[in-house]
Amino acid sequence: MKGVHFLLILAILALATSIASAYDPSPLQDFCVAIDDPAKALFVNGKFCKNPKLARAEDFSFSGLNIPGNTSNPVGSNVTTVNVDQIPGLNTLGISLVRIDYAPYGQNPPHTHPRGTEILVVVEGTLYVGFVSSNQDNNRLFAKVLNEGDVFVFPIGQIHFQVNIGHAPAVAFAGLSSQNAGVITIANTVFGSTPPIYPDVLAKAFMLDKNIVIDLQKKF
């Protein structure tokens with residue numbers, strides 16, 4: 001009897017592990033092309049799905065990642081996203097892609113993806129990249145200088161960044177383990193929320209003068 005209980009516990013643990021490891025739910029069909037018309041669809045994984053028999057090649061393709069993004073902005077970078085909103089056929093497939101362009105000394109500022117791990121490859125230029133682990137791991141910084149062809153992984157939910165440390169523009173591509181990984185840019189979120197977080201809260205959290213916090217909030 002004990003053996004049966006042991007096998008049952010193992011089976012439950014295995015099931016729990018498989019559920020926890022798949023962040024985007026696995027599809028129960030070959031594909032689920034997103035559609036905006038609920039009258040002709042089923043609701044799966046946050047999107048309505050069209051009848052599979054009506055799917056077309058265009059539902060699984062995107063053009064334009066060869067075009068550099070405009071980096072004329074305060075941070076000097078541009079992210080071109082290719083997720084389920086651009087390729088409806090990505091719905092339920094648990095994957096997406098971005099192109100990141102960096103001006104000289106531009107950066108993709110500290111941010112996090114709440115729903116996906118990111119794997120980045122540098123195709124042009126030199127980047128300084130890194131992520132910071134959680135409080136539980138004492139907020140350790142894992143950072144490295146990447147050259148063309150180098151790859152770096154940013155685990156799901158970890159705050160990470162990339163900085164172009166070269167004199168010329170840089171380009172990277174990244175895959176994410178979600179059809180829509182989401183993004184939370186730390187500075188924008190903390191200092192640019194709507195409505196604003198009380199300055200006293202941020203002043204104490206960041207050990208800053210309240211007037212400095214108010215000035216930072218005006219910038220975002």
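F152 and F154 are both buried. The model that shows this is predicted.

**Aromatic residues**

F152 and F154 belong to one aromatic cluster, together with F131 and F142. In total, 6 aromatic pairs are counted. One of them joins F131 and F152, a tilted pair with 6.2 Å centre to centre and 55° between the planes. F131 is part of strand 8 (residues 127-132) and F152 is part of strand 10 (residues 151-154), so this pair ties together parts that lie 21 residues apart in sequence. F131 has a relative accessible area of 12% and is therefore buried. F152 is counted as buried because its relative accessibility is 13%, and buried means under 20%. F152 also pairs with F154: the ring centres are 5.3 Å apart and the planes stand at 50°, so this pair is tilted.

The two pairs are set out below.

| Pair | Centre to centre | Angle between planes | Class |
|---|---|---|---|
| F131 and F152 | 6.2 Å | 55° | tilted |
| F152 and F154 | 5.3 Å | 50° | tilted |

**The sheet**

Strand 8, which holds F131, is also a member of an open sheet of 5 strands. The order in this sheet is 9-8-11-6-13, with antiparallel pairing. Strand 9 (141-146) and strand 13 (184-185) are the edge strands, each pairing on one side only. Strands of a sheet are paired through backbone hydrogen bonds, in a parallel or an antiparallel way. Within this sheet, strand 6 pairs with strand 11 (residues 159-164) in the antiparallel sense, over 3 bridges. H111 is placed opposite H160 of strand 11.

**The largest pocket**

The volume of the largest pocket is about 550 Å³. It is lined by 27 residues, and those closest to its centre are V79, N108, H111, V183 and T185.

Which elements give two or more residues to the lining of the largest pocket? They are strand 4 (77-82), strand 5 (96-102), strand 6 (107-112) and helix 2 (186-191). Strand 6 contributes the most, with 5 residues.

By residue type, the lining of the largest pocket consists of 13 nonpolar, 13 polar and 1 charged.

Technical notes:
Residues are numbered from 1 along each chain as its sequence is written. This is a predicted model: local features need pLDDT of at least 70, side-chain atom pairs count only at pLDDT 80 or more; totals for chains, interfaces and linings use all residues. Side-chain values use heavy atoms; hydrogens and water are left out. On a 1 Å grid over the protein atoms alone, a cavity is a set of points where a 1.4 Å probe fits but cannot get out, and a pocket is an open set with protein on both sides within 12 Å along at least five of seven lines; lining residues have an atom within 4 Å of a point. Grid points are joined across faces, edges and corners, and a volume is the space filled by probe spheres set on the points. Helices (H or I, at least four residues) and strands (E, at least two) are DSSP runs, numbered from the N terminus. Ala, Val, Leu, Ile, Met, Phe, Trp, Tyr, Cys and Pro count as nonpolar, Asp, Glu, Lys and Arg as charged, and the others, Gly among them, as polar. Two strands pair if DSSP finds at least two bridges between them. Rings of Phe, Tyr and Trp (its six-membered ring) pair if their centres lie within 6.5 Å; planes under 30 degrees apart count as stacked, over 60 as edge-to-face and the rest as tilted. Buried means under 20% relative accessible area, exposed over 50%, partly exposed in between (1.4 Å probe, protein chains only).
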